[in-house]
Amino acid sequence: MHKATDPHDPAGTPIRRARLGLRAAFGREPAAVAAAPGRVNLIGEHTDYNLGFVLPMAIDRSAAVAVAPNAGDRCRVAALDRDAAVASFAGRGRADGTPPWARYAEGVVSLLRARGVPVPMFDAALASNVPPGGGLSSSAAVEVAFAVALCSLAGTTLDPMSIALLSQRAEHEFAGVPCGLMDQLAAVFGRRGHALLIDCRSVEFRPVPIDPALAGVLVVDSGVRHDLASGEYAKRRAECERAVAELAKADPAVRSLRDATEDAINRAGLDPTLRRRARHVVRENARTIEAARLLESGDAPGAGRLMLESHVSLRDDYEVSCPELDTLVEIAATTPGVLGARMTGGGFGGCAVALVEPNRAEAAGRAIVENYGRRTGQQARWMAVEPANGASAVETRAG
Ligand code: GLA
């Protein structure tokens, strides 16, 4: 995944590919183009839907959409990363025949229309260099890119928070994933050179500088994708809700695990599984706030140590890791130049994120992948990522 031989970006930037793809697939000139980044979460995992804290950064990988209105009665989308496969839908609610990859677009257009945004029927080309299914929010990037492009096509702008919320709803109602809001917030509000410490209850955030002189960020894709991901995700959410219901019996002020304390969890007589889930959330919230503080004060090694603790908690208490990710993190932890590492995103496969000493990302990435290959016989991929800006509409006359 090193940039020079990037299998996810074989032919230039997603924006360029989307423009060219629209011409190739439909013979149309783009009337609007937009791009939105993927994200990597540095710490604060499975805390967003518990109204806690997260520390993601948008990355320099994105999904781009080029659109033009059509005169027909269907919206058509060509997926350039799927051999230009074309899906079509009316875009007025969820249709049975829409393939899973096109549901994000179908969701966004349906929800925009439902709130009165006059989106015409359109042709679209979609290109992305965010590795899919790897915990880097490739789907939020697609949702947000479509939302921005289609608003632009309709001649409207929506405020950024509404874009994030509508994109999250598309994921819930059209893709069937009951995700929190972290990914869409990062895709919309990402800031170059910064991660965002987001309070998922107030939805306020504070940009936290990721100074390249202090640390670099590395993503290592284990290459494995476990099917249980979305079922287990929903199960974790339900377990957290059950834990809250129990805790609220003792203290009605507890409305989410954000309000819980470790003490209260220990006293509540929760069953052991719920107790571990709740403990992860409470400790992870504290780690996340602390990691942001450490990064702000220039203590990247301190933040790295918290990332390692986060991984252990996700592995043992929240149980969303998998043997491949555990091996990756274990290898990373002993690789020279690595300050800390953990699984990132929903879990059950996908990527690990590592904080590395400046200028050692490349050597560390190579060493991790080589060791992982030796130990498991499997091929991981690494990439250095930089904190990037959130979504943007692109000036269409720029060519
Ligand atoms: C997925 C979801 C997010 C978040 C993470 C876990 O990426 O989309 O909302 O819950 O899992 O932290």
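In this predicted model, a backbone N or O atom of G346 lies 3.5 Å from an oxygen atom of the ligand. Taken alone, the ligand exposes 310 Å², and the protein buries 92% of that area. The ligand sits in the largest pocket, where the residues around the ligand are R39, E45, H46, D48, Y49, C179, G180, M182, D183, Y233, G345 and G346. By residue class, this shell divides into four nonpolar, four polar and four charged members.

The cysteines can be considered next. A disulfide is a covalent bond between the sulfur atoms of two cysteines, and with a cut-off of 2.5 Å between such sulfur atoms the count in this model comes to zero disulfides. For C200, the closest cysteine sulfur belongs to C179 and is 11 Å away, which is too far for a bond; C179 is also one of the residues around the ligand. For C351, the closest cysteine sulfur is that of C322, at 11 Å, and this separation is likewise too far for a bond.

As for accessibility, C200 counts as buried because its relative accessibility is 12%, a value under the 20% limit for that class. C351 is also buried, with a relative accessible area of 1%.

Definitions and conventions:
Residues are numbered from 1 along each chain as its sequence is written. This is a predicted model: local features need pLDDT of at least 70, side-chain atom pairs count only at pLDDT 80 or more; totals for chains, interfaces and linings use all residues. Side-chain values use heavy atoms; hydrogens and water are left out. A residue is near a molecule or strand if one of its heavy atoms lies within 4 Å of it. A polar contact is a pair of N or O atoms within 3.5 Å; within protein, one must be able to donate a hydrogen and the other to accept it, and residues adjacent in sequence count only if both atoms are side-chain atoms. Accessible areas come from the Shrake-Rupley method with a 1.4 Å probe; for residues, only the protein chains shown count as cover. On a 1 Å grid over the protein atoms alone, a cavity is a set of points where a 1.4 Å probe fits but cannot get out, and a pocket is an open set with protein on both sides within 12 Å along at least five of seven lines; lining residues have an atom within 4 Å of a point. A molecule sits in a cavity or pocket if more than half of its atoms lie within 2 Å of its grid points. Ala, Val, Leu, Ile, Met, Phe, Trp, Tyr, Cys and Pro count as nonpolar, Asp, Glu, Lys and Arg as charged, and the others, Gly among them, as polar. Buried means under 20% relative accessible area, exposed over 50%, partly exposed in between (1.4 Å probe, protein chains only).
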